[in-house]
Structure formats: C-alpha cells, structure tokens
Number of protein chains: 2
Amino acid sequence: MSVTATIPSEGRAPARERLLAAADELFYAEGVQSVGIDRIIEHAGVAKASLYNLFGSKEALISAYLESRHRGALERIKAAVARHRDPRKRLLAVFDAQGEIFAEPGFRGCAIVTATAEVADGSVIDKAAEEYRAEMLALLTDLARDAGVAKPERLARQLHLVYDGAGVAARMDRDPSIARCARAAADALLDASL
Amino acid sequence: MSVTATIPSEGRAPARERLLAAADELFYAEGVQSVGIDRIIEHAGVAKASLYNLFGSKEALISAYLESRHRGALERIKAAVARHRDPRKRLLAVFDAQGEIFAEPGFRGCAIVTATAEVADGSVIDKAAEEYRAEMLALLTDLARDAGVAKPERLARQLHLVYDGAGVAARMDRDPSIARCARAAADALLDASL
DNA sequence: GCCAGATCAGACAGACCTGTCTACCCAACC
DNA sequence: GGTTGGGTAGACAGGTCTGTCTGATCTGGC
C-alpha cells in the first residue's frame with residue numbers, strides 16, 4: 001500500500017499518473033462506456049499490460065477516475081467556502097464555486113452523475129457514488145447548521161437538490177450562468193429556513 | 001407520414017409498437033448504450049429487418065423512445081396541474097406528479113437526462129433533449145406567471161433547477177420521498193418571488 | 001386463386017470491445 | 001555483472017456491436 005513514489009526516469013510522469021490523466025480527459029469528455037481501453041492507453045502512451053498491472057480492470061480505472069474527480073471538486077468547493085467567515089457567505093460560496101467549475105472549457109456535468117447514468121444498477125460505480133453524495137450532503141448540512149437554521153438537515157437536502165439540478169442544467173443547456181440562479185435559489189431557501 | 005394503423009392480426013400489437021415497448025423497457029432500465037439491438041428485437045419478438053425498415057437506425061429508435069417517454073411524463077404532469085384551480089396548487093402539482101413518478105417501481109431518473117449522459121455531444125439525442133427541456137421550462141414559466149410573481153422567468157428557472165435536481169437525487173439516492181423536499185423548496189421559492 | 005407488402009429467422013460482414021499472453025527493453029541495485 | 005521489476009509493443013482469443021442481406025412465411029385485398 002505504500003506509494004513509494006519511485007522517481008520517474010526524469011521528465012515523464014509514471015504510468016499510473018499518465019493513465020489517470022488520460023482517463024480523466026477521455027472518460028469525462030465522451031463517457032466511461034463509450035471510451036475503450038485502447039484509446040486510453042494510446043492517449044496515455046502506456047502499454048495495455050501496464051494498465052492491467054496497475055488497475056486490474058477497466059472498472060477499477062473508472063473508480064479511480066471518479067474518485068479523483070470527486071476529490072478535486074470537493075476540494076475546490078471547500079476552498080471557496082474557507083475564503084469567507086460569514087456563515088451565509090460560506091454557504092453561498094458553494095454555488096460560487098459551482099459557477100467557476102461550470103464556466104471551465106469542456107465542462108460536461110458532474111462526472112459521477114453521468115457515469116452512474118451509463119452503467120447498470122449495482123455496479124461498483126454506484127457504491128462509490130453513494131459515498132460521494134453522502135460527503136456532499138454532510139458538507140451542506142454543516143454549513144446550514146453554522147448558518148443557524150432550525151432544521152439544517154432539511155435545508156441541506158433542499159440545497160443538495162439545487163446543487164444537483166444546477167449541474168444537470170449547466171450540462172444540458174450549456175449554460176454556466178445557471179449557477180447564479182442556483183445561488184439565488186439557495187439564498188432564498190436559506191432565508192425561508194431561518 | 002400517414003399512420004394508417006393496419007389492424008394487427010388480432011391479439012398482437014404491430015411490430016412498431018412492440019419495438020417501442022421493448023425499447024422503453026430495456027433502454028430505460030439499462031441505458032441506451034448498454035442495450036443492444038439484438039436484445040430489443042428478441043424482447044419485442046420482431047425480426048431485425050423489421051426494426052431497420054421501421055426506424056432506420058438504433059439512434060432513431062432511441063429518439064422515438066425518448067420522445068414517447070417525454071410525452072408521457074409531460075402529460076402526467078399537465079394532468080396533475082389541471083386538477084387544481086388555485087395557481088399555487090397548480091404550480092406545486094408539478095412536484096406532486098413528480099413524486100408519483102418517482103415512486104413507481106423501476107424508476108431510474110429522467111430518461112432524457114440519463115440518455116444524454118450516455119452519448120457524445122452533438123448527437124441527434126442532444127437536439128431532442130433541447131426541445132424537451134424548453135417545453136418543460138415553458139410550462140413552469142406559465143405556471144409562475146399565473147401565480148402572479150413579478151419575474152416569472154426567474155422563478156421558472158429556479159423551479160426547473162429543483163425539478164432536475166429532484167430527478168437526479170431520486171435516482172441516485174433511490175429515495176422517492178425527495179419529491180416532498182422539492183415541493184417544499186418550490187413552495188418557499190414561490191413565496192420569495194412574490 | 002393470386003399478388004403485394006409486411007414480417008420472420010438467421011447468416012454474415014466488419015468493426016470494436018476487454019482482458020491475456022509472450023517477448024523484449026532498460027534502469028537500478030547488490 | 002547479473003538479477004529484478006517496471007515498462008513497452010503488439011498479437012491473440014472470445015465476445016458483442018450495428019447494420020445488411022437472403023429467402024421463407026403470413027395476411028389482406030382483389
């Protein structure tokens with residue numbers, strides 16, 4: 001389990017990282033089902049055997065890709081939250097961060113939402129998604145509690161709805177500005193919960 | 001273009017209907033990408049040649065399936081709306097209907113949202129989705145206007161967010177009760193818009 | 001009876017998929 | 001200098017995919 005980080009032969013990232021980068025790019029842009037292993041390894045400049053040595057299966061690579069995407073998004077959101085001290089601003093910062101993410105070139109919705117839509121129920125991917133969603137809901141619940149609302153769980157669920165909806169709408173309507181709409185809705189829902 | 005409805009040989013629906021029924025069942029349950037033509041025709045009891053005579057391609061069959069799903073959902077929602085005269089109740093009826101749909105066995109989220117997540121950008125399916133989303137937004141805008149809010153377009157966008165989010169959450173968390181949460185959020189957003 | 005059109009069953013082509021396997025290369029370490 | 005381990009390159013197996021094609025069968029209308 002120790003990732004001893006054998007220093008790569010200078011200038012080139014190790015195969016594992018190159019594979020994850022390629023997976024991130026291709027899986028996200030075209031879907032985990034549509035993109036085959038061959039394209040991943042070609043894009044990463046890695047031999048097929050290396051992929052199977054390092055990850056074991058395509059599904060495991062998808063899991064790692066989703067994990068990394070989720071970590072990245074949550075990190076960005078938490079960083080945006082941390083830039084404020086006022087509880088209301090902290091809560092709304094979630095949607096500010098969402099707006100930034102939406103505006104990035106190549107944005108195509110929440111990777112986890114789209115990936116679960118591609119695979120049948122009960123896959124390993126579903127299990128990962130469950131975990132990730134719980135984490136997001138917990139964050140929103142904390143922020144709602146800090147904002148002093150009477151029923152933080154209740155508001156958190158509502159905000160989670162708005163968060164999910166914004167992700168879907170931004171992708172399907174190709175409209176990053178929907179995040180401002182989500183922010184306004186969150187603001188109103190917070191007011192209504194006080 | 002005239003669907004002259006040649007009466008089927010008694011007891012058996014015509015091939016087109018059986019294909020659509022099979023597509024509806026399998027595509028929805030397992031995804032349009034994962035389900036192959038062979039399984040569709042086997043389930044429908046139809047020859048492969050008939051499918052290609054009637055629809056021309058798998059993509060066209062998917063389009064027809066999405067069209068039918070969308071029609072059905074919108075019809076149900078409009079029927080629920082029509083059961084009320086009070087503008088607020090009419091607006092909230094959208095989310096009541098959503099709750100009914102969520103509670104049905106085999107519910108797996110909005111077919112259009114999941115289908116667009118499966119295909120690359122720019123496909124025919126994307127174009128259809130655009131149309132369907134506009135229709136939904138128009139309905140919400142009408143309801144918001146009738147409820148007498150100052151900026152109906154603004155509220156409609158927010159409600160659309162909640163609607164989309166509820167669909168995603170109901171699928172991913174396997175929790176139909178999220179519709180009540182969405183209804184409450186819609187109620188609060190309506191209040192805040194008056 | 002007979003024909004036209006719809007439908008059926010299934011082989012087939014050509015592409016693509018995941019995952020395995022062999023064989024070679026090269027750098028680091030003892 | 002030899003060994004070990006991670007990496008590369010690519011063939012291969014066995015399966016699945018969409019879409020086409022051939023030919024048989026059924027049914028309604030004349």
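Me: How many residues does the contact take from chain A, and how many from chain B?

Reply: It takes 33 residues from chain A and 33 residues from chain B. Two residues are in contact if their C-beta atoms, placed from the backbone, lie within 7 Å. This is a predicted model: local features need pLDDT of at least 70, side-chain atom pairs count only at pLDDT 80 or more, and totals for chains, interfaces and linings use all residues. Residues are numbered from 1 along each chain as its sequence is written, while chains are lettered from A and ligands numbered from 1 in the order in which they are written.

Me: Which helices make up the side of chain A that touches chain B?

Reply: α6 (111–118), α7 (124–146), α8 (152–172) and α9 (178–193) of chain A each supply at least two residues. A helix here is a DSSP run of H or I, at least four residues long; a strand is a run of E, at least two; both are numbered from the N terminus. α8(A) gives the most, with twelve residues. By type, this side has 18 nonpolar, eight polar and seven charged residues. Nonpolar means Ala, Val, Leu, Ile, Met, Phe, Trp, Tyr, Cys or Pro; charged means Asp, Glu, Lys or Arg; the others, Gly among them, are polar.

Me: Why are the two copies said to be related as by a two-fold rotation axis?

Reply: Look at the superposition, done by least squares on C-alpha atoms of residues with pLDDT of at least 70 in both copies. Chain A can be laid on chain B by a turn of 180 degrees and a shift of 0.0 Å along the axis, with an RMSD of 0.0 Å. The two copies are thus related as by a two-fold rotation axis. In chain A, A:Gly165 has the C-alpha nearest the axis, 1.8 Å from it.

Me: How do you know that the same surface serves both copies?

Reply: Of the contact residues of chain A, 100% recur in chain B.

Me: How many helices and strands are there in chain A?

Reply: Chain A has nine helices and zero strands. Read along the sequence, the pattern is α-α-α-α-α-α-α-α-α.
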